[in-house]
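Let's take a walk through a protein together, one piece at a time. Have the picture ready and follow along as we go.

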Amino acid sequence: MPDTTAALSYAPEDPFVVADVHVDDPRDDEILVRIEAAGICHTDLVNRVAGTPDRPVLLGHEGAGVVEATGGAVTSVKPGDRVVLSFRSCGACVNCTAQRPAYCRNATRLNGFGARADGTARVTVGDRPVVDGFFGQSSLAGYALTTSDNTVVVGSDVDPVLAAPLGCGFQTGAGAVLNLLRPRPGSTFAVFGAGAVGLAAVLAALACDVEAVVVVEPSARRRALAESLGVRAALDPGEDPVRVLRQLTGGGVDHALDTTGRPDVLAAAVSALAVGGSAVAVGLGTGVPQIDLRDLVMRGKTVHGCLEGDSVPAVFIPQLLELQARGRFPVERLVSAFPHADVNAALDAQHRGDVVKPVLTW
């Protein structure tokens, strides 16, 4: 049973507490991963507040590290393998067999908090069980217990700090572009929201040689970063972005991505589309967008929802790492590393807009 440290949440609105914890040895179907880096995603922060009333909670679903040990039934990885951790899926339902594991019919059970089937704890602090199992990893700790379906082997030379966010945030933005929209060279693309997901989408679109990428983002610092990455324009939402996008592109964009989860922003993204254009929503918000049905039908527009980039992580994460190695997906421009003991400082820096994607290291 390895001893390590973890960033625990003892109360929804309180800072994280870095505490000594014990992680159990892997059971027959489990994999013990020594975590080297773990990204912090908006989903972690939402679930810190709304995920479960039980405490303490161990979050984290963008882990990267090295396999330390495996249970007897595990054949997909071996000790010493460097891995990136992603979401769980059953592999057997109709959506998994159709290569759409993000929509696994068992996703809620597999990715939510919960002890093992026999009720035993994977992680304890003192004599107290920790609420874990988040995305089948809870990787804001020095070790994590995972399973074969969410543990992706990558090259030994891969930088875990850059690889960790591919497990969710970067996978979501890049996958919406590369797996769903698939823009042609010379097409036009607008991204609403320049956080980690939106800027990963920007990098993916630029890798597709899209002619014009435009970002709509309220933060001046994020707009400046987007411009340095190579977008044609970065607009403040107060600039009437639909009108400006139509002017910049001669009538509307071919593709648009909403990362904000706000109904009014998705409606603006759809309004900004050209004839035959496609809009994708990846932000988990609430409410109903006011979309003009006549405009949607008469101009042949489409609106898609997209979860986890509509990706198969075992295939897509290595593809993104290959793009990054070739200089075509420079996520190093988006990542800032922090020692895990500085978890609250990392979140403060993200909240101020000083960093895009904070990644904790162990």
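Start with the six strands that make up an open sheet: they line up as β13-β12-β11-β14-β15-β16, and they pair in the parallel sense. If you step from one strand to the next, the twist averages 15°. Keep in mind that you're looking at a predicted model.

Now zoom in on one pair. Strand β11 covers residues 188-192 and strand β12 covers residues 212-216, and five bridges link the two in parallel.

Helix α5 (residues 169-181) touches β11, β14 (253-258), β15 (273-281) and β16, and its direction makes about 130° with that of β15. Helix α6 (residues 196-207) lies across β11, β12 and β14, and it runs at about 170° to β11.

Time to zoom out. The protein splits into domain 1 (3-167 + 330-361) and domain 2 (173-307). Their centres, taken over C-alpha atoms, are 30 Å apart. How do the two meet? Twelve residues of domain 1 are in contact with 13 residues of domain 2.

Three residues stand out: Arg-333, Leu-334 and Val-356 supply 48% of the area that domain 1 buries against domain 2, more than any other three residues.

What about polar links? Between domain 1 and domain 2 there are four residue pairs in polar contact, and one salt bridge is found across the interface. Elsewhere on your tour, look for the salt bridge between Asp-354 and Arg-221, where the closest N and O atoms are 2.2 Å apart.

Most residues other than glycine have a negative phi, and most peptide bonds are trans. Yet Arg-55 and Pro-56 are joined by a cis peptide bond, with omega about -5°. You'll find Pro-56 in the loop between α1 (42-50) and β4 (57-58). Arg-182 is not a glycine, but it has a positive phi of about 50°; look for Arg-182 in the loop between α5 and β11.

Definitions and conventions:
Residues numbered from 1 in each chain as written. Predicted model: local features only at pLDDT ≥ 70, side-chain atom pairs only at ≥ 80, totals over all residues. Heavy atoms only, no water. Pairing = 2+ DSSP bridges. Helix = DSSP H or I, 4+ residues; strand = E, 2+ residues; numbered from the N terminus. Axes fitted to C-alpha atoms, helices over the stretch in contact; angles between N-to-C directions. Contact = heavy atoms within 4.5 Å. Domains from an automatic or database assignment. Buried area = accessible area lost by both parts, 1.4 Å probe. Salt bridge = Lys/Arg side-chain N within 4 Å of Asp/Glu carboxyl O. Polar contact = N/O pair within 3.5 Å; in protein donor to acceptor, adjacent residues only side chain to side chain.
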